[in-house]
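This report concerns side-chain contacts in a protein model. Please examine the sequence and the coordinates shown below before reading on.

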Amino acid sequence: MKPSDLEPLSGEAQRLLSIERELPREPEDFRARALGRARAALRAEDAAARRGFLKHRSRLLLAAALSVAFTAVAFAALRQRDAGTSAGPNAAPSATAGAPAMPKPAAPAPEAAPAASERATTPAPSPLAGSAAVPAPRSAPSVDESALELVSLQRARAALARGEHSTALAALSEHQQRFPAGRLVEEREALRIKALLGLGRNDEARRAAERFRVRFPRSVLLPRIDEAVRR
Amino acid sequence: MGTTLLAAALLFPIVTEERSCLDAFQGELDYLCRTLRRLGSRDGDLEDDVQDVFLVLNRNWSKYDPTRPLRPYLFGIAFRVASARKRRHRRELPYSVEELTERAPGPEELFEAQQARALVLQALAEVPLPRRAVLVMHDIDEMPMRTIADVLSLPLFTGYSRLRKARREFEAALETLRAKERQP
């Protein structure tokens, strides 16, 4: 099929599409909400990264110290060599090859994160960005199932945070259908128990907690679940 | 002092990366919303879909090459979010009047533009999503087929084939909708 075989659109269709091409501006309240949600997600991610930072403090401090030392030496050397031309920032790329990688928290801390945070902290051991197969170095995003699994789960978490336990349960069932063996199974099951408790379905919650204990005996989420179910 | 600042900047690139991601998101919010609507997001879904796109955009921001245009990249994410939603709700319901009426109605002379846009959304809904994506990128966003093929991971031939079918489906849908309008 060559472009020349392509039948052109009718005049009417072209006219309509050219009108559609002009983008209407979204209402201000919508824009404010969208940006607010985005910022909240970034703040939650920052908080999680800081927790991870503290955890891997010693490793990071070493990397940081090395980066600073390297940069200082490079900067000083360049300054000596080219008096007047500031080449400092351009020396950066090689020196910081290792620095930007702040490791994401390895252990899940979702129960510790207060309900106000809408963004799920990443409990998945291998981060969603990058480790999964990225087939080709294209401009297209490496959006794989893992990324969508996370956003699907965070919707359930958000509903739970709003106290909408039924909505959360529905979202969790949906998540189960789509990602039966996904990486966030533990997280999902923990949220399900919370939602059941929120709805006053205590017996179901206790049974679910028992199943959780059998399935994930060494889960870090277990103590909090036990505590919640006991109450 | 300069060295300290430089060292500080180098140690915390994540902050600047994320800020530019948010800037990009904010700058293209209108494009993103309209794109999601064209790909089937309804009023109830739109806010969540927009947030999903942001989360994925943010997560992959370090991989995005800023020398390449942002809109095709955004479209790719929006398409995947829309496809994921479609897998969950197989049937696209017909639009309600409320959904098609723009929330910030402008002056009288823009009424016709509103009508035109509503018609386009309804006709687009009749084109299956994989073909619709090509049509939107090519005939609305006016992106070259090479870019479309790249973003949607298609061979060039398939891109043209989908565009041809999509145009036919779109035209047929327009005709049907026009005919319905004419009915008493």
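Does D43(B) count as buried, partly exposed or exposed, and at what relative accessibility? D43(B) counts as partly exposed, at 35% relative accessibility; the class covers values between buried (under 20% relative accessible area) and exposed (over 50%), with a 1.4 Å probe and protein chains only.

## Basis of the values

The model is predicted: local features need pLDDT of at least 70 and side-chain atom pairs count only at pLDDT 80 or more, whereas totals for chains, interfaces and linings use all residues. Residues are numbered from 1 along each chain as its sequence is written, chains are lettered from A and ligands numbered from 1 in the order in which they are written, and side-chain values use heavy atoms, with hydrogens and water left out.

## Salt bridges

Over all chains, the count of salt bridges comes to 34. A salt bridge requires a side-chain nitrogen of Lys or Arg within 4 Å of a carboxyl oxygen of Asp or Glu. One of them connects D48(B) with R37(A), at 2.9 Å from N to O. Because D48(B) lies in helix α4 (residues 43-59) of chain B and R37(A) in helix α2 (residues 28-55) of chain A, this pair joins two chains. Helices here are DSSP runs (H or I, at least four residues), numbered from the N terminus. D48(B) is partly exposed at 23% relative accessibility, while R37(A) is buried at 16%.

Within chain B, the side chain of D43(B) meets that of R37(B) in a salt bridge of 3.1 Å, N to O. R37(B) is buried, its relative accessible area being 10%. A further salt bridge is formed by D150(B) and R68(B), whose closest N and O atoms are 3.2 Å apart. D150(B) belongs to helix α9 (residues 145-151) and R68(B) to the loop between α4 and α5 (70-88), so the pair ties together parts of chain B that are 82 residues apart in sequence. D150(B) counts as buried at 14%, and R68(B) as partly exposed at 32%.

A network of salt bridges links E12(A), R15(A), E112(B), R178(B) and E181(B).

## Aromatic pairs

The structure contains 4 aromatic pairs over all chains. Rings of Phe, Tyr and Trp (its six-membered ring) pair if their centres lie within 6.5 Å; planes under 30 degrees apart are stacked, over 60 edge-to-face, and the rest tilted. F212(A) and F216(A) form a tilted pair, with 4.9 Å centre to centre and 55° between the planes. F212(A) is buried, with a relative accessible area of 2%, and F216(A) also counts as buried, at 15%.

In chain B, ring pairs link W61(B), Y64(B) and Y73(B) into a cluster.
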